[in-house]
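Colleague: I am new to this model and would like to learn how to read it. Could you take me through some features, one at a time?

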Amino acid sequence: MNRPDKQPVKSRLADEGYEPWENNRRIPLPVIWVAVALAVWGTATLLRDSGSYAVAQNERQSGETVAAEAPEGGEALFLARCSTCHQPNGAGVRLAVPPLHGSDFAKAGPEVVAQIMLRGIDGPIRVSGFAYDGRMPSFAAALNDGDIAQIASFVANRFGGTGAALEAGQVATLRAAQANKGSWQGGAELAALVPDLPTQPPMPAEAKPATDPAISALVFAGKSDAWSCASCHGDLGQGTENTPRLAGLAQGYIARQLRDFRQGERHNESMNSVAKALNDHEIHGLAAYYARQRVASAAQPALGGDLARGEQIALQGDWSIGVPACFSCHGPSGFGVAPDFPALAAQQPAYIASQLAAWAGGHRNNSPLGLMDRISEALPEADRRAVADYLASLPAVPAPEQRAEAKIDGGKDEL
Amino acid sequence: MNRYLPLVLISLGILAFATLFLVIAPGIQIAQRAVSEGLRPYTEQEARGRAQYVSLGCVYCHSQQPRSPDQAPDGERGWGRPAVAGDYVFDRPHQLGTMRTGPDLLNVGARLPSASWQLTHLYQPRAIFPWSIMPAYPYLFEKKAKAAEGDTVVVLPNGVGPADGGVIVARPEALDLAAYLLSLDRTYPVPANSLRDDGFARRGASS
């Protein structure tokens, strides 16, 4: 009799007693190669990326040096900063922007020019026989002493024919003397600075309409179903980040945006909610209130955009991507052309960039004729940041006179 | 598992290496920088609000670290310039967060500076944004028949308020939290020597 199951039982017992073990074997050479290669690659990446910091730091330092030393000549600065209104040849724009060429103010020398640049003009002025509605921004915050000295010397020399030059130190003295004085009140006040001026138009009596207390309450206290305007847009409508600057925007433009918000044609949840709480009278009053505000710029470039590229888009556009110059519609230096083209100068960069993105993405589509939709779509993201930063670097222009608004109010335009 | 010693040594080595490069070296780098000009410590009320922020777990949905433009369009969203290490000097523990279920909050005090708006939004986010998935925090507020002297009444649009004509007033907790949110404003210019995230800057290297 065989016992065929005996052997398997034995071997099963042996199996259960089996202790696994491993031979000491060398790590295969390819594995070592891979490990070494990974280590080399990791170290190289570490070294290369530590270079990124040095690159960016150097670039920032050189950028600061450039800004501090301002190697550009007065002419280059004039072309970048002044020629968008006064024209490259200083001829001005008839009935709109006073000429510099041969004007009494340019002839009066660089010190006068520098003082006008520092404070800006906000009042009627007579230049070379024609009266103008003076609306020049103050460049005190936008330009440093060296830049102002160079531009003033250039203007007095080229357009006034005086040979005098101004130094940055003298501008610093003038800046201290003229600080916190507000804009020049038209030619009448400048006549004290420049002797032998022809008769200047008188400053019109301040016809500031008293603000309706109900509107004032809306602005500063809000009501039970709407937050106050000032709590987001600032006391004078300066704006911050993507809350837009309202000060000095055309009355018709503000009113139209509020109506669009109320009807849901323009989308912003907070503004939709506020606008629904407003009646027509309140919209009209608020628009008039903010259109009158005159406040210096609170915006500064913050999006890391290329300012030179932004300047190019604003001044010339880029027809290779089908983008016209911003200033061709929004007025010289982005003053705005009431009522459809809002002022862009000194607008908050995050707001401009986010609105451009909104138009491109179809989230905002209340632009007349869909103009901005197409332009925004054509602008790449870096260009949107560049142009927003450039516009934020511009000084704010004094708000237009109330009588100009009255014309719009009386007109039959459907705003 | 018959060679414990080399395994233990190697794991300790890796741990020491990571600690050196992820904790000690950055600590030394950051300790060399002074407090940014333009940054101030939290006031007592803001600090209480900060404790609320931590206890409500806001960090689980909101980050506090705007990115540089080559990583995300945070600047265009109005979230402010890229944060630098110095922006968090007074934050212990920091509330950087990793989730962006909600928007980044580092500069919310600059982009939504209205305390009144913040209170409405905390009471009922859907009063403003119908699509919002943020929880409401009604227990930070109380309902009263009539506002007493010194009460902060919450602005409530769209008929969100009490049906019987009462008012919703903010409890101190809500005011503290709003004060903290408004103090989140790091829009001052970046100090020249600050540590910052330059992404993968190659500018100038190639050109």
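Colleague: In which helix of chain A is A:Arg119 found?

Modeller: A:Arg119 is found in helix α6 (residues 110-119) of chain A. Helices here are DSSP runs of H or I with at least four residues, strands are runs of E with at least two, and both are numbered from the N terminus. A word on the source: this is a predicted model, where local features need pLDDT of at least 70, side-chain atom pairs count only at pLDDT 80 or more, and totals for chains, interfaces and linings use all residues. Residues are numbered from 1 along each chain as its sequence is written, chains are lettered from A and ligands numbered from 1 in the order in which they are written, and side-chain values use heavy atoms, with hydrogens and water left out.

Colleague: Is A:Arg119 buried or exposed?

Modeller: Buried means under 20% relative accessible area, exposed means over 50%, and partly exposed lies in between, using a 1.4 Å probe and protein chains only. A:Arg119 counts as buried because its relative accessibility is 5%. Leaving aside residues up to four places away in sequence, A:Arg119 touches A:Ser138, A:Gln178, A:Lys181, A:Gly182, A:Ser183, A:Trp184 and A:Glu189. Such a contact means heavy atoms within 4.5 Å.

Colleague: What does chain A look like as a whole?

Modeller: Its secondary structure comes to 20 helices and two strands. Of the 415 residues in chain A, 46% are buried. Among contacts in chain A between residues at least 6 apart in sequence, 68% join residues at least 24 apart.

Colleague: Which backbone angles deserve a look?

Modeller: Most residues other than glycine have a negative phi, and most peptide bonds are trans. In chain A, A:Gln87 has a positive phi, near 70 degrees. A:Gln87 sits in the loop between α4 (83-86) and α5 (104-107) of chain A, and is partly exposed at 26% relative accessible area. A:Ala346 also has a positive phi, of about 70 degrees, and lies in the loop between α16 (327-330) and α17 (349-360) of chain A. A:Ala346 is buried, with a relative accessible area of 0%. In chain B, the peptide bond from B:Arg92 to B:Pro93 is cis, with omega near 0 degrees. B:Pro93 is placed in the loop between α2 (44-55) and α3 (108-111) of chain B.

Colleague: How many disulfides are there over all chains?

Modeller: A disulfide is a covalent bond between the sulfur atoms of two cysteines. The rule here asks for a pair of cysteine sulfur atoms within 2.5 Å, and the count over all chains is zero. For A:Cys329, the closest cysteine sulfur is in A:Cys326, 9.2 Å away and so too far for a bond. A:Cys329 is partly exposed, at 33% relative accessible area. For B:Cys58, the closest cysteine sulfur belongs to B:Cys61, at 8.8 Å, which is too far for a bond. B:Cys58 counts as buried, with 13% relative accessibility.

Colleague: At what angle do helix α4 and helix α5 of chain B pack?

Modeller: Axes are lines fitted to C-alpha atoms, for helices over the stretch in contact, and angles run from 0 to 180 degrees between N-to-C directions. Helix α4 (residues 115-123) and helix α5 (residues 172-183) of chain B pack at about 120 degrees, with axes 10 Å apart. The two are therefore oblique to each other; angles under 35 degrees count as roughly parallel, over 145 as roughly antiparallel, 65 to 115 as roughly perpendicular and the rest as oblique.

Colleague: Which residues of α4(B) meet α5(B)?

Modeller: B:Ala115, B:Gln118, B:Leu119 and B:Leu122 in α4(B) meet residues of α5(B) including B:Ala174, B:Leu175 and B:Leu182.
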